[in-house]
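Hello,

Here is the structure you asked for. Please open it beside this email and follow along; my notes come after it.

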Amino acid sequence: MMLARLSFTVMVLIGAVLMNFSPGDMAGLAESNRQGKIRVAVDPHLPPFQFMDEGTLTGFNIDILEKVAEYQQLEVEYVPLNLEQSVDALANGEVDVILGIHFSADYAERMEFSDRFFTSSVGVLVPAHEDHIKGLADLSNRIVALQRGTVEYDFLRNIRRVKYHVTSSQAQAFELLQRGRAEVFVGNRHTAEYLLQEYGVANQYQFADGYLLPLEYSLAVPGGRYQLLHTLNRGLRTVVHEGDYTQIYNHWFGQDPALVAQRLRTAITVIVSLFAIALMMMVYGMYWNRKLQQEVDNKTKDLQEANRSLAYQIEETKNSQQFKEQILDSSPRGIVTCDRHGLITSFNPKALEIVGVEEKPLGRHYSHIPLISALFKGKISQVLAQGQQFLGEEYDWAPDGQTTYHLRYYVYPLYDYEKHVTGVILSFEDVTEEYRLREQLFTQEKNRALGQLVAGIAHEIRNPLTSIKTFAELIPSKFENAVFRQEMATHVPKEIERLNQLIGGLIDYAKPRRAKKEPVYVQSLIEAVLILFQPSVEKKGFRVRTNLERDLSINVDAQQMKQVLINLILNAIEAMEIKRNKAVDAQAEGLTLHVSAWADETDVYIAIKDEGIGMSMEELNKAFEPFYTTKPKGTGLGLSLSQQYVAENNGRLVAESTPGQGTVITLIFNKERDANGQDTGNR
Ligand code: ADP
Ligand code: MG
């Protein structure tokens with residue numbers, strides 16, 4: 001209630017100030033000076049606004065006017081009159097100003113009103129026990145005390161059946177109620193409150209309706225006296241502006257409406273600020289929440305992505321791990337890996353089978369497994385230190401001293417992803433069966449070749465023998481002949497030497513084959529083979545041309561190489577024979593077999609070139625397949641075995657052929673260096 005009233009007052013004041021306030025009007029000031037003295041009609045029965053206190057006129061309105069007068073340099077003379085008298089006095093020119101008059105349309109026709117400087121309201125005051133009167137509607141047949149000529153008087157006059165006890169002042173009307181001569185007081189609420197306090201009867205009365213009508217107090221001047229009005233307004237505004245109004249208000253009412261307004265404004269500002277801050281924080285919070293949520297979402301997404309890819313990687317790894325294990329498990333070769341310290345890191349089932357152990361010796365040193373130890377012997381350190389590879393090595397293994405297994409094995413470095421040697425891989429296979437089979441085929445082929453050779457050689461053996469025999473038969477008769485003796489001394493040893501060579505070649509060839517690599521002179525090797533063929537070749541009318549570089553050495557098994565050369569030369573001769581048999585003209589006469597050997601920086605080449613029938617591309621491809629033959633009595637093993645042997649001796653075999661023209665087979669080997677140098681890796 002209090003706050004509502006105050007705020008109302010405040011609003012009115014603020015309105016007044018905002019509407020017309022413009023201090024420092026020189027014209028106004030000049031006029032007020034001319035005014036000099038003003039006579040002011042005052043109703044002294046309107047406490048606490050204007051009333052007599054111990055013989056002195058005092059009150060809120062008085063203080064305000066005093067200040068106005070001070071600012072506007074007016075001299076004030078008070079004329080105590082009630083409201084009605086005041087109005088008349090103003091009309092008659094007896095007074096210049098009425099202090100504390102409320103605005104009414106009626107008065108406004110006769111006088112000018114200054115800015116309002118106080119707003120109160122009309123209250124309906126009843127005894128405390130009176131609970132039937134709640135408002136104006138309940139005033140019928142009640143005795144109402146009120147001041148004549150007031151807003152409330154004009155208002156209530158229109159309500160019928162109200163019994164009025166009309167007085168000429170607020171204070172008198174209040175006294176009627178207090179003395180029980182009226183049931184209701186209707187009038188200035190502030191005045192009523194003040195008097196209740198004054199008489200100490202506040203608890204005996206109550207306001208049935210506290211804010212019936214607004215009461216706005218102004219100063220009034222006679223109609224047309226605008227200069228004076230202007231002076232008063234200016235004074236009022238200065239009073240407000242200079243802060244006197246607040247002081248006076250506080251003095252009389254305890255609370256400064258401007259202060260209240262200020263406080264209210266402050267409160268509102270604070271509340272609004274707090275609200276704004278709260279809103280901002282909320283919005284900010286929401287923003288950050290969203291942002292955080294987004295961030296969390298993103299991170300979650302990333303995490304999910306990472307998880308997915310991790311799961312995928314795990315799966316992949318598992319797969320590749322499984323895949324590797326499957327490869328290892330399925331391999332027909334034994335595979336063993338060791339780390340740099342020689343500790344076994346993997347051992348596949350085939351390795352278990354060949355080695356003959358039950359459990360994988362993982363984590364143990366390889367030296368505990370005799371076979372592995374034997375295969376690694378002299379190699380592991382070179383593999384680890386230099387990354388050297390040992391490929392296609394062979395090892396005869398007799399675990400029980402009786403059965404011999406023939407193993408082929410490979411020792412090479414194990415690299416990590418950065419190409420660092422992290423260990424050793426050993427892969428090995430049991431080639432015993434392959435060996436047996438090859439041995440068989442070899443024997444077969446050898447026998448056939450031997451048969452052919454022998455057929456060709458028999459004659460050749462017979463020739464020197466015949467020659468020797470002839471010499472021998474002629475000894476008795478021609479011994480004395482010096483020429484004969486000379487001839488015999490020359491020819492017989494020659495023939496015997498030739499026989500010796502032939503037989504030597506045969507014996508070499510027939511010897512059991514054992515791969516035993518050693519430096520071999522190419523020239524001697526080829527010549528030892530060619531001597532076997534020379535007789536038959538010449539007999540068949542073919543020529544042999546050799547072009548052999550001297551002092552070429554290769555590291556091979558001599559017997560195997562001889563076998564290879566024999567096979568190739570046999571094929572060459574057969575190809576030329578077939579060509580000649582087919583040919584009807586003399587073109588096929590004088591076909592030549594070329595055998596050459598030469599070397600470049602690193603390699604040694606041996607070429608067997610014939611002028612035989614040659615082969616088409618298709619035939620050439622098939623020629624190396626075992627058992628492929630175009631000959632009625634062929635085995636189809638010659639080339640395949642040759643290729644096999646060449647490979648076993650770390651060489652390569654290259655074949656070129658032109659149908660109808662001839663064939664060249666070239667063997668290529670690493671150059672054998674001097675005995676102290678590095679060899680071809682097969683030592
Ligand atoms: P075979 O000599 O027992 O037939 P090979 O393996 O030695 O078996 O040769 C296979 C086949 O390759 C021969 O049958 C022949 O058709 C062809 N061939 C081999 N060498 C020559 C060559 N120098 N000229 C033409 N054809 C050849
Ligand atoms: Mg052959």
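Predicted model: local features only at pLDDT ≥ 70, side-chain atom pairs only at ≥ 80, totals over all residues.

Helices (H or I, at least four residues) and strands (E, at least two) are DSSP runs, numbered from the N terminus.

Backbone

Most residues other than glycine have a negative phi, and most peptide bonds are trans.

N650 is not a glycine, yet its phi is positive, about 60°. Is N650 buried, partly exposed or exposed? Its relative accessibility is 33%, so it counts as partly exposed.

E54 also has a positive phi, about 50°, and is not a glycine either. E54 sits in the loop between β3 and β4 (56–58). With a relative accessible area of 79%, E54 is exposed; the cut-off for that word is over 50%.

Going from P47 to P48, the bond is cis, and its omega is near 0°. P48 belongs to the loop between β2 (45–46) and β3 (50–53).

Aromatic rings

How many aromatic pairs does a search of the whole structure find? The search gives 23. One of them joins F51 and Y194: the ring centres are 5.4 Å apart and the planes are at 50°, so this pair is tilted. F51 is in strand β3 and Y194 is in helix α8 (residues 189–199), so the pair ties together parts that lie 143 residues apart in sequence. F51 is buried, at a relative accessible area of 8%, whereas Y194 is partly exposed, at 22%.

Y287 and W288 make an edge-to-face pair, because their planes are at 75° and their ring centres are 5.8 Å apart. Y287 is partly exposed, with a relative accessible area of 44%. W288 is partly exposed too, at 39% relative accessibility.

There is also an aromatic cluster, formed by F49, F60, F118, Y217, Y245, Y249 and F253.

Charges over rings

Which residue lies over the face of Y415? That residue is K419, at 5.6 Å from the ring centre. In another place, R485 lies over the face of F479, and the distance to the ring centre is 5.6 Å.

Regards

How values were computed:
Residues numbered from 1 in each chain as written. Chains lettered and ligands numbered in written order. Heavy atoms only, no water. Buried < 20%, exposed > 50% of the residue type's maximum accessible area, 1.4 Å probe, protein only. Phe/Tyr/Trp six-rings, centres within 6.5 Å; stacked < 30°, edge-to-face > 60°. Lys NZ or Arg CZ within 6 Å of the ring centre and 35° of its normal.
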